[in-house]
Amino acid sequence: MTTYPIDIKVNGEWKRAEVTARETLLDALRNRLRAFEVKDGCSQGDCGACTVILAGRAVNACLTLAVQANGKEITTLKGVGTSENPDPLQKSFVEHGAIQCGFCTPGVVVSAKALLEANPNPNREEIREGISGNLCRCTGYTQIVEAIEDAAAHGRRGVGEREDA
Amino acid sequence: MPENRTRPAYRIIGKAAPRPDAWAKVFGDTAYAHDYTVPGMLCAKVLRSRHPAARVLSIDTGDAEKLPGVDAVLTAKDVPNNETATRFGQTHQVGGFEGLYRVLAEKKIRFKGEAVALVAATSEAVAEEALGLIHVEYEPLEGVFDPVEAKQAGAYQVGEDESNVICSYKVRKGDVEEGFKLADVVVEQTYRVPMVDHAYLEPESGVAWLDQDGVITIRSATQVIEHFRGIADVLGVSHNRVRIIAPMLGGGFGGKEDITVETYLALLVWKTRKPVSLTYTREESIRSHGKRHPYVMRYKTGATKAGKLVALEAELTSDAGGYVYLSPWVLLYSTVGATGPYDIPHVKVDSETVLTNNTFSSANRGFGAPQVCFACESQLDELAKQLGLSPLEIRRKNYLRTGDALATGRVLEHSVETEQTADRALEALGEPSGPSSPTERIGRGIASSMTSYGRMTFLHDTSRALVSIEMDGSVSVRCGLQDVGGGQASSLAQIAAEVLGVPMEDVTVYVGDSALTPLAGTTTATRLLYMSGNATKKAATAVRHSLVKKAADLLDVDPEELAMGDRQIYSAGDPDRAVALERVVKACAADGIPLYDVAQFNAPARELIDFQTGQGQVFPDFTFGTQAMEVSVDIETGAVKVLKIVSCYDVGQAINTLSAEGQLHGGALYGLGYGMMEEVVLDKGNTLTPSFAEYLIPSAVDVPDVKTIMIESGGGVGPFGAKGLGEPSCVPAAAAFANAVSDAIGARVCDLPVTPERILKALGRF
């Protein structure tokens with residue numbers, strides 16, 4: 001099958017992949033670029049497990065063609081933060097018990113990141129709206145909403161400052 | 001935080017402990033089944049029947065085999081032992097309970113989506129193309145799709161030689177006819193509940209290969225690594241030639257309790273001698289893997305004017321679908337649980353599970369409990385309404401209490417705090433969100449449940465754990481458990497850390513390898529914490545004894561005086577008299593004292609109950625709880641908004657309050673989805689809802705925050721007095737939702753889910 005080269009900046013690093021015309025961004029990320037933190041829960045745009053930030057917007061990677069991402073910047077969960085330099089969202093998710101099986105987590109955290117970048121001070125309703133495209137079967141969402149609310153408060157105080165500090 | 005009891009002074013147990021596995025997950029480092037690759041692995045696909053009922057006349061795989069890139073095409077004739085049963089880990093063989101199924105279809109097709117052939121090829125695209133080149137000739141048959149119809153004489157026969165009725169049970173207590181004579185009010189109703197999907201975010205998936213010794217090694221998303229025995233039996237190899245490794249699961253909920261991809265992978269690896277991977281599509285998962293049983297339930301319940309229940313009669317029919325799988329066991333749970341957490345003097349329950357040509361049903365969170373809870377709790381509210389009592393009043397008059405006997409004669413010897421959970425749940429709803437308006441009606445409902453934890457006692461369940469302490473004082477726990485995401489491994493780390501006086505981060509837990517970790521049974525039946533928690537505590541305590549004995553020598557004090565904490569062993573009366581744990585470990589090692597213990601925990605073992613009367617003990621213990629909801633119903637459209645949810649449980653003792661609360665949160669919504677929106681819609685065996693666009697589960701905007709209340713009675717049979725929460729936490733929510741809607745609209749919907757259409761019908765507006 002004919003393939004085309006695309007260049008995408010994944011988590012700050014330019015990468016080249018050979019993809020077919022109909023290949024989804026999800027398949028390219030997982031199968032070609034080994035970005036296994038991007039999860040495949042339904043391949044149909046219903047569950048949100050494959051959410052990534054593409055050119056500043058949270059999208060379902062399974063509903064995006066890989067070629068559409070050519071020349072663009074993508075943030076996956078690993079681009080949100082790392083164990084050496086965690087994002088407040090990541091710490092907050094762990095501390096609030098907002099993670100159970102964790103399969104939805106990469107998508108939820110990425111959606112939350114996109115939400116907070118657009119709206120650093122969301123209310124609980126806006127938080128629920130912001131993650132409404134991400135299904136979670138384990139947590140019941142309450143602890144996720146609390147984690148995002150807390151991370152937002154943390155972000156407003158500035159990195160490294162804690163309420164109790 | 002949990003309340004209610006003078007808490008023993010634990011260092012780590014009962015705290016909100018962020019889970020070690022959560023860090024890996026939040027940084028994207030967890031390798032789930034689908035995230036694992038083996039060099040040179042083939043991709044497998046499954047050919048599935050397009051008919052729900054048909055005779056297989058011929059299968060021609062020639063064209064598919066010739067396609068370049070195809071390594072193997074397998075059909076039933078390639079499976080050494082094609083008829084098999086779901087069995088796992090029980091030490092006791094129980095006749096009449098075999099969960100029979102076929103690996104690949106032969107003779108008759110029994111449901112749409114049944115596996116007919118397997119392909120392994122060099123890529124997914126080639127495997128997909130090969131499926132299209134397999135020519136199967138079917139003779140479509142009429143089939144039967146309604147369980148009540150399927151049990152009538154002369155109904156279409158789903159299998160070849162067995163009756164459609166798989167099994168039946170009875171419970172008999174007192175004299176139900178006499179009981180109804182004592183009743184001032186009797187309500188009678190038929191309830192129907194739908195087939196539902198587990199809807200875990202991670203579809204069924206695995207990779208398998210032959211290791212250097214020729215052992216078939218399967219790394220798959222499973223709740224049961226002990227399926228290695230059943231898979232070996234299918235292949236006709238000895239049990240120690242198949243190994244299963246369970247990575248972190250992306251959710252299980254009972255759907256990864258039966259074998260999913262494992263046998264297919266093993267067959268293909270055996271045939272090709274190459275590594276093979278297989279992941280179901282979401283559609284394949286919804287169409288062809290096990291579901292929660294639909295039930296038809298006729299209930300009749302009588303009470304006196306004072307509100308005391310005097311008689312209950314129930315007839316339960318469950319739809320097993322095309323194969324037996326775990327249907328007899330699920331039905332037994334429903335039968336024992338049919339009377340709810342209530343003391344009723346005269347009881348008659350008759351139940352049957354029936355084969356149809358629908359998608360097969362098997363284990364799903366709650367295992368037969370949510371169905372009967374909905375029916376029973378609806379009856380309680382109907383009686384209350386007729387008697388002019390509040391839902392809480394009628395329940396209070398009838399709750400079972402410690403020392404009371406169930407309808408099966410089993411005496412509840414451990415703590416029963418149902419009434420307190422109901423009081424607290426209702427109280428926590430607070431003031432109503434607002435008055436009803438002519439079109440927006442506010443309503444409230446509660447439902448209570450008694451749900452078992454631990455497997456059926458006639459299975460003689462066991463678990464094992466190995467706890468060892470390393471030369472630097474760090475601790476390893478090895479336990480053949482499967483972590484489905486509820487914090488299973490993390491809870492064992494906490495238990496070992498508590499017993500051995502180290503911080504939780506000093507403990508590493510190795511899980512889920514049928515060859516290398518001591519076998520610990522299934523992560524099902526809300527048994528993990530109970531069984532493996534007790535085994536871990538037992539092993540850790542044995543290690544502690546060795547260490548304390550050695551420390552007593554070193555410190556020259558009585559071992560009885562010593563405590564462990566902060567990586568030290570010290571005199572409780574004189575904490576300055578202390579020795580570092582590391583030093584004690586080294587001293588033990590020098591003297592040849594074992595620095596590990598492998599312990600087995602045995603659940604109470606009983607014989608089979610009497611199926612004609614239902615009398616006997618089926619479960620080790622129960623968890624009691626109540627869920628309360630407030631809803632607003634738009635009576636013009638039937639749309640319902642859930643305004644408040646409270647979930648209150650006696651958890652016994654929370655091991656990790658974050659994880660325990662997590663179960664209460666997630667369980668409440670799993671149950672609410674069942675009540676409000678979830679249904680696998682079937683038309684003559686054909687699933688009309690094969691994606692998450694049609695099969696709807698609650699999203700973040702469909703539900704409010706859940707308020708959780710944990711009571712800690714300390715009265716469970718798990719470690720430190722813990723009870724199990726995984727399944728119990730989801731059971732009453734659907735019933736509480738239906739009761740709240742009924743309170744709002746003044747009419748009852750008797751079928752789940754309680755959809756806007758059904759609400760308008762109940763109001764006579766549709």
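Helices (H or I, at least four residues) and strands (E, at least two) are taken as DSSP runs, numbered from the N terminus. The structure is a predicted model, in which local features need a pLDDT of at least 70 and side-chain atom pairs count only at pLDDT 80 or more, whereas totals for chains, interfaces and linings use all residues. Residues are numbered from 1 along each chain as its sequence is written, and chains are lettered from A, with ligands numbered from 1, in the order in which they are written.

The predictor assigns the complex an ipTM of 0.96 and a pTM of 0.97.

Chain A contains 6 helices and 5 strands, arranged from the N terminus in the order β-β-α-β-β-β-α-α-α-α-α. Its radius of gyration, taken over C-alpha atoms, is compared with a globule rule of 2.2 Å times the number of residues to the power 0.38. The value for chain A is 16 Å, close to the 15 Å that the rule gives for 165 residues, so the chain is as compact as a globular protein of that length. The C-alpha trace of chain A spans about 55 × 30 × 25 Å along its principal axes. A residue is termed buried if 20 or more other C-beta atoms lie within 10 Å of its own, exposed if 12 or fewer, and partly exposed in between, with C-beta atoms placed from the backbone. Of the 165 residues in chain A, 56% are buried.

Domain bounds come from an automatic or database domain assignment, which for chain A gives domain 1 (4–79) and domain 2 (80–157). The centres of these two domains of chain A, taken over C-alpha atoms, are separated by 21 Å. Two residues are counted as in contact if their C-beta atoms, placed from the backbone, lie within 7 Å. The contact draws 18 residues from domain 1 of chain A and 14 residues from domain 2 of chain A. On the side of domain 1 that touches domain 2, at least two residues each are supplied by β3 (51–54), β4 (57–60) and α2 (77–80) of chain A.

The contact between the chains involves 43 residues from chain B and 41 residues from chain A. On the side of chain B that touches chain A, α1 (20–26) and α16 (657–676) of chain B each supply at least two residues, and α16(B) gives the most, with 8 residues.

Within chain B, helix α10 (residues 369–387) comprises 19 residues. Its expected span, 1.5 Å times one less than its number of residues, is 27 Å, and the end C-alpha atoms are 27 Å apart, which agrees. This helix, α10(B), is mostly covered, with 16 of its 19 residues buried.

B:Gly206 lies in strand β11 (residues 205–210) of chain B and is buried, with 28 other C-beta atoms within 10 Å. Beyond its neighbours within four places in sequence, B:Gly206 is in contact with residues including B:Ala33, B:Ile218, B:Val261 and B:Leu278. B:Asp461 occupies the loop between β18 (440–453) and β19 (462–469) of chain B; B:Asp461 is buried, with 25 other C-beta atoms within 10 Å. The C-alpha atoms of B:Asp461 and B:Ala375, 86 residues apart along the chain, are 30 Å apart.
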